[in-house]
Amino acid sequence: MKNQLPQRLESLDVLRGFDLFLLVGLEAVMHHLSSAVNTPGFHSFMWCFSHVDWEGFSTWDMIMPLFMFMSGITIPFALSRYKDAKDKSLIYRRILKRVVLLWIFGMMCQGNLLGLNPARIYFYSNTLQAIATGYLISSLLYLHTSIRTQIIIAVTLLLSFWGAMEFITINGYGGGNYTPDGNLAEWIDREVLGRFRDGASVVNGETVFPEWYRYTWILSSLNFGVTVLTGTFAGYILKDKKLVQRNKLAYLLIIGSSMVAVGQIWGIWHPIIKKIWTGSMTLVSSGFCFLLMALFYYIVDYKGWKKHTEWLKVYGMNSIVAYMLAMCVNFSCIGHSLFHGLEQYLGEYYQVLLSLNNAVIVYAILYFMYRKRIFLRV
């Protein structure tokens, strides 16, 4: 659908575009380039584009939390006019529609829904579904509670996750165990999702879980809600017309720095683990999200340096389209058709060329939509 472009927080569009550019435009190119170059120095640099195996935090671990955080920022801007409405049925339908669509899109991206094979359908396995969960929690809290209550609930959710992980023991899982095979969140996902968990298969009538997959979703949903809520808190600050820009920057920087510090300290006892979305990881990642938002707000909205950031808005203003194109559509056939003769000369660099071709095609589609002012919303 074609929409008229409303007054927007431009720094948010640029930051969202930056996040999507890294994920959609750069990741595959860099990994193929690393294989082609194949030097220790380049492999070390690729830490920036790789997830931590288990405990710890890398720059690439910011991609998913930032996407979720930014969905929370939009809540005060999009829902404020409904907050005092007596009849909220319209906005409830909008929220439900968004949650359902995000869930289906997530299954299309990572749940093999388009494979049309019931044995390969996974139910809860994707960033978009984590956003849907966090958005549902945060939007309903925004509509029905004060910011003070929202902060209290956010702290309660963090402590609830921590308490469950620390003090509940079932069948040898939990009780303060944060290993990949012994944590409570792992047990819950296996028991609840069963063969519908990502990567699971049925062998001789028994569900088999692969050793390579240790992401958890159900218990982790408590902290998905907190991640989106922290974005909502940033949205309160950025929307407040009583605050001058300098004070908005100060709040973002102070809150972000404080959250990173508290998360790092808490991580001594409650490890920073993205794959199970621990409370300490939630605080650290949300803190960095605040700092990134402050940086982009300073560059784009405070200083007005917009000339060289518009190309990122091409990604940012159609972020779901960018994500779906990258995850669901493979344009390599076009690259093979155009450049297959170069494979014999390029060797490993041929894969770099194909991944670059994919990135350029996705950007071209998004640029066409941007120029035609076609912005698809969920």
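Good morning. Leaving aside neighbours within four places in sequence, Glu-55 is in contact with Pro-271, Ile-272 and Ile-273, where contact means heavy atoms within 4.5 Å. Glu-55 sits in the loop between helix H2 (40-45) and helix H3. The names of these elements follow DSSP runs, numbered from the N terminus: helices are H or I runs of at least four residues, and strands are E runs of at least two. Along the chain, Glu-55 and Lys-275 are 220 residues apart, yet 8.7 Å separates their C-alpha atoms.

Is Glu-55 buried or exposed? Its relative accessibility is 51%, so Glu-55 counts as exposed. The cut-offs are these: buried is under 20% relative accessible area, exposed is over 50%, and partly exposed is in between, with a 1.4 Å probe and protein chains only.

Before I continue, a word on the source. The model is predicted, so local features need pLDDT of at least 70 and side-chain atom pairs count only at pLDDT 80 or more, while totals for chains, interfaces and linings use all residues. Residues are numbered from 1 along each chain as its sequence is written, and side-chain values use heavy atoms, with hydrogens and water left out.

Let us turn to the protein as a whole. It has 15 helices and 4 strands. Its radius of gyration is 21 Å, close to the 21 Å that the globule rule gives for 378 residues, so the protein is as compact as a globular protein of that length. That radius is taken over C-alpha atoms, and the rule is 2.2 Å times the number of residues to the power 0.38. Along the principal axes, the C-alpha atoms fill a box of roughly 65 × 55 × 45 Å.

Buried residues make up 50% of the 378 residues. Among contacts with a separation of 6 or more, 70% are between residues 24 or more positions apart. The accessible surface comes to about 18,200 Å², and carbon and sulfur atoms account for 63% of that surface. Accessible areas come from the Shrake-Rupley method with a 1.4 Å probe; for residues, only the protein chains shown count as cover.

Met-30 lies in helix H1, and its relative accessibility of 11% makes it buried. Which residues does Met-30 contact, leaving aside its neighbours within four places in sequence? They are Phe-42, Phe-45, Met-46 and Phe-49. From Met-30 to Tyr-213 there are 183 residues along the chain, and their C-alpha atoms are separated by 23 Å.

Tyr-213 itself is in the loop between strand S4 (206-208) and helix H8 (221-239). At 5% relative accessibility, Tyr-213 is buried. Not counting residues up to four places away in sequence, Phe-209 touches Arg-190, Gly-194, Arg-197 and Ala-200.

Next come two backbone angles. Most residues other than glycine have a negative phi. Trp-277, however, has a positive phi near 55°. Trp-277 lies in the loop between helix H9 (245-266) and helix H10 (279-302), and with 2% relative accessibility it is buried. Arg-373 is not a glycine either, and its phi is positive, at about 55°. Arg-373 is placed in the segment after helix H15 (349-371), and it is partly exposed, with a relative accessible area of 36%.

My final topic is empty space. Rolling a probe the size of a water molecule over the atoms shows where such space is left. How much space lies in the second largest pocket? The answer is about 490 Å³. Of the 19 residues that line this pocket, the closest to its centre are His-51, Gln-110, Asn-126, Thr-127 and Tyr-323. The elements that give two or more residues to the lining are helix H1 (10-37), helix H3 (63-79), helix H4 (89-110) and helix H12 (319-328). H3 provides the largest share, 3 residues.

By class, the lining has 11 nonpolar, 5 polar and 3 charged residues. Here Ala, Val, Leu, Ile, Met, Phe, Trp, Tyr, Cys and Pro count as nonpolar, Asp, Glu, Lys and Arg as charged, and the others, Gly among them, as polar. As for the terms, on a 1 Å grid over the protein atoms alone, a pocket is an open set of points where a 1.4 Å probe fits, with protein on both sides within 12 Å along at least five of seven lines; lining residues have an atom within 4 Å of a point. Grid points are joined across faces, edges and corners, and the volume is the space filled by probe spheres set on the points. Thank you for your attention.
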